[in-house]
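Hi,

Here's the structure I said I'd pass on. Have a look at it first, then read my notes below.

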Amino acid sequence: MSETSNDQVVSLHSSDAVGYITFNRPPANAYEIGFHRLFNLAIEQADADPTTRVVIIRSAIEKFFCAGADIKAFSANSTEDNQQMVMLARQALAKIEASSKPFIACLQGHCLGGGLEIALACDMRFGAKGSYKLGLPETRLGLLPGNGGSQRLPRVVGASRAMALLTSGESIEPEEACRIGLIDRLFSPEETIEQVATFACTIAESAPLAVAACKQAVREGMKADLKAGLELENRLVEQLYHTADANEGFLAFTEKRQPNYQGK
């Protein structure tokens with residue numbers, strides 16, 4: 001994959017089988033229609049690249065991951081343009097969830113509104129310790145989160161905690177977000193991206209078909225009852241038994257060496 005310019009609003013590059021989607025729209029990564037066109041394209045390219053096995057979404061701006069929609073642009077746009085922006089935002093998040101590759105949100109600054117909805121669509125959320133805020137303040141603007149926040153947040157933190165955050169519009173700091181499960185792991189600010197990249201490389205070293213099956217099992221299983229989820233797990237593991245990667249995994253284990261997975 002060719003590296004894109006870092007001064008782009010949304011850029012994509014890869015290293016060691018890890019794809020990095022980087023937001024860079026100062027001052028707060030507030031998004032508009034052009035942002036989401038580029039974001040959709042970056043997701044599609046990362047998903048289609050066979051050398052990329054896991055994707056990190058991060059910010060080039062120190063104090064913000066993403067502040068959500070650009071309210072000034074939203075107010076100045078036509079209704080049709082705003083509807084298209086919302087549609088593009090929803091499509092981007094659906095593509096993250098539909099991808100067979102794990103997506104990790106790396107949070108080192110304020111993550112609000114649509115920015116938090118991006119993070120919620122990711123499979124994991126890792127963050128830096130600090131005093132930045134995470135929240136869905138839409139009710140304070142007379143609105144409801146429009147890009148899946150009201151549905152994904154309760155699936156991550158539980159219905160009661162989600163209701164408190166949604167209805168109050170209050171924001172919380174990363175330590176509280178980690179306590180309630182909104183952030184999975186916290187690192188010191190100076191080590192965050194390195195630690196997240198290290199974890200992503202661990203995923204990239206695993207068998208890609210097995211990783212994809214794990215994502216499918218969790219994503220689809222959570223929508224079903226336990227019996228249906230277990231049946232899904234059984235079908236997926238049966239399929240994996242017949243892959244070259246599974247054979248390589250067993251062989252590498254017996255030969256006491258690192259496996260060389262090909263995604264086949």
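This is a predicted model: local features need pLDDT of at least 70, side-chain atom pairs count only at pLDDT 80 or more; totals for chains, interfaces and linings use all residues.

**A helix and some rings**

Helix α10 covers residues 226–241, so to speak a run of 16 residues, and spans 23 Å from its first C-alpha to its last, close to the 22 Å expected at 1.5 Å a residue.

Which residues of α10 are buried? They are G229, L232, L236 and L240. These four sit on the same side of α10, because they cover an arc of only 75 degrees around the axis. As for what covers the buried residues of α10, α9 (208–221) and α11 (244–255) are included. On the face turned away from the buried side you'll find K227 and Y241, both exposed.

Now for the aromatic rings. Searching the whole structure turns up 7 aromatic pairs. One of them is F23 with F35: the ring centres are 4.9 Å apart and the planes are at 55 degrees, so this pair counts as tilted. It's a link between distant parts of the chain, as F23 belongs to strand β2 (residues 18–23) and F35 to helix α1 (residues 33–48), 12 residues apart.

Are these two buried or exposed? F23 has 0% relative accessibility, so it counts as buried. F35 is buried too, with a relative accessible area of 0%. Both rings also belong to one aromatic cluster, made up of F23, Y31, F35, F39 and F65.

Cheers

Definitions and conventions
Residues are numbered from 1 along each chain as its sequence is written. Side-chain values use heavy atoms; hydrogens and water are left out. Rings of Phe, Tyr and Trp (its six-membered ring) pair if their centres lie within 6.5 Å; planes under 30 degrees apart count as stacked, over 60 as edge-to-face and the rest as tilted. Helices (H or I, at least four residues) and strands (E, at least two) are DSSP runs, numbered from the N terminus. Buried means under 20% relative accessible area, exposed over 50%, partly exposed in between (1.4 Å probe, protein chains only). The expected span of a helix is 1.5 Å times one less than its number of residues. The arc is that of the directions from the helix axis to the C-beta atoms. Contact means heavy atoms within 4.5 Å.
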